[in-house]
Amino acid sequence: MKFIAGIIVFGSLWGFAECTIGSLLRDVNLPAGAIMTGIFAIGLMTISRVSFRQPGMQTGIGLVAGALRLFNPFGGCFICSAIAIMAEGLLFDLIWTGFSLDLKKPQTLTIQASLGICSTYMVYVGGYIVTQILTPVFSSAGFYIENLIVFIPQILASGLLAALIGVVTVPAVFTLKKLDITIKDRVYYPVTIGVSALCWIIVITNTILILWL
Amino acid sequence: MEKDRLLPIFALLILLIGSISSIYVYVTQATTSTLLVNGQHYTMDQLFSLVQPRSFNESQYSGIALDDLMLKTGVSQPEQHKYTLRGADGYEKTVTWENMKNGLLTKDSESVFSDLPKAFRVKDIITIEVK
């Protein structure tokens, strides 16, 4: 049950950040995708992974965050963003499980930084490629592989910024973990449910207000 | 060798791939003042004087009609072709004639389609290829 509540709260926080900070970054023409993936996506997924050590959790977090992004149809291509977020959750899960990154022994700063570069870059580039395939597939125009191939150098280049952000985010998460901040069992569920509900209520209310006014 | 020992090597490889790709993108970035449509170069002013205007969403998006643009630039049997819109950064999207009938080209050389997601907004278009 704690696992499910964890998925919902981390997913809601990520989705909420995408809808608010992500939209704001896009409005001022900053590289929102790389910043959001490098800080929020990797940060929240790494916290959840090192805390719960449960494969599958980040796929769920991505699904919750992507679903929340769909409730906020503003700021760039929201369908693309939702697909990318869901793909990023799945990719993070596959990378950490496939490369056995749930290490129990203490890790050096070099390993943490490398982990940040590898997971952030692969999650960002993978998510970008998945959305470039799936968005046209679900549209009336269809998907053409040549459109993707010619744009691969751009995608690989744009992942560099995400990787450079990830090199700071992941070691920062491991440092925070050392502080051993824990929430007592009796307040765990009220806090997680409250935070999740607040994220969803703000996003949905904001959408309704924008559509009405 | 343990997997965690390979991580720094993977990380360096990734930084190398990202850096080389960035250099490649910078070097191959196209800059042109004209737009290549169906094999012929046009300025934006020429196209805007030649093609009928179109707007969407209560004039939030306005420009020239992409279907009329293809007809005026000599495309015959337009429904039998696909159209690839390519931006200066290499981003490109291929669309059908039906999509072109719902599309416009803004003064800033950006495509907008009322029937397609925002991923089909190609910015700084330099080529519209007829296939």
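In this predicted model, 29 residues of chain A are in contact with 31 residues of chain B. On the chain A side, the elements that each give two or more residues to this contact are three helices, listed below.

| Element of chain A | Residues |
|---|---|
| α4(A) | 78-98 |
| α5(A) | 109-137 |
| α7(A) | 152-178 |

Of these, α5(A) supplies the largest share of the chain A side, with eight residues. Sorted by class, the side of chain A that touches chain B holds 19 nonpolar and 10 polar residues, and no charged ones.

The largest nonpolar core comprises 84 residues. Trp14(A), Ile61(A), Tyr121(A) and Leu69(B) have the most contacts inside this core. Within chain B, domain 1 (1-30) and domain 2 (35-130) each contribute at least three residues to the core. Apart from neighbours within four places in sequence, Trp14(A) is in contact with Phe40(A), Ala41(A), Leu44(A), Ile61(A) and Ala65(A). In soluble globular proteins, nonpolar side chains tend to be buried together.

Chain B also has an open sheet of four strands, in the order β3-β4-β7-β8, with antiparallel pairing. Its edge strands, which pair on one side only, are β3(B), residues 53-56, and β8(B), residues 111-113. On average, neighbouring strands of the sheet are turned by 45° against each other, direction ignored. Strand β7(B), residues 103-105, pairs with β8(B) in the antiparallel sense over three bridges. Across this pair, Gly103(B) stands opposite Phe113(B) of β8(B).

Conventions
Residues numbered from 1 in each chain as written. Chains lettered and ligands numbered in written order. Predicted model: local features only at pLDDT ≥ 70, side-chain atom pairs only at ≥ 80, totals over all residues. Core = buried A, V, L, I, M, F, W, Y, C linked by C-beta atoms within 7 Å. Buried ≥ 20, exposed ≤ 12 C-beta atoms within 10 Å, placed from the backbone. Domains from an automatic or database assignment. Contact = placed C-beta atoms within 7 Å. Pairing = 2+ DSSP bridges. Axes fitted to C-alpha atoms, helices over the stretch in contact; angles between N-to-C directions. Nonpolar A, V, L, I, M, F, W, Y, C, P; charged D, E, K, R; others polar.
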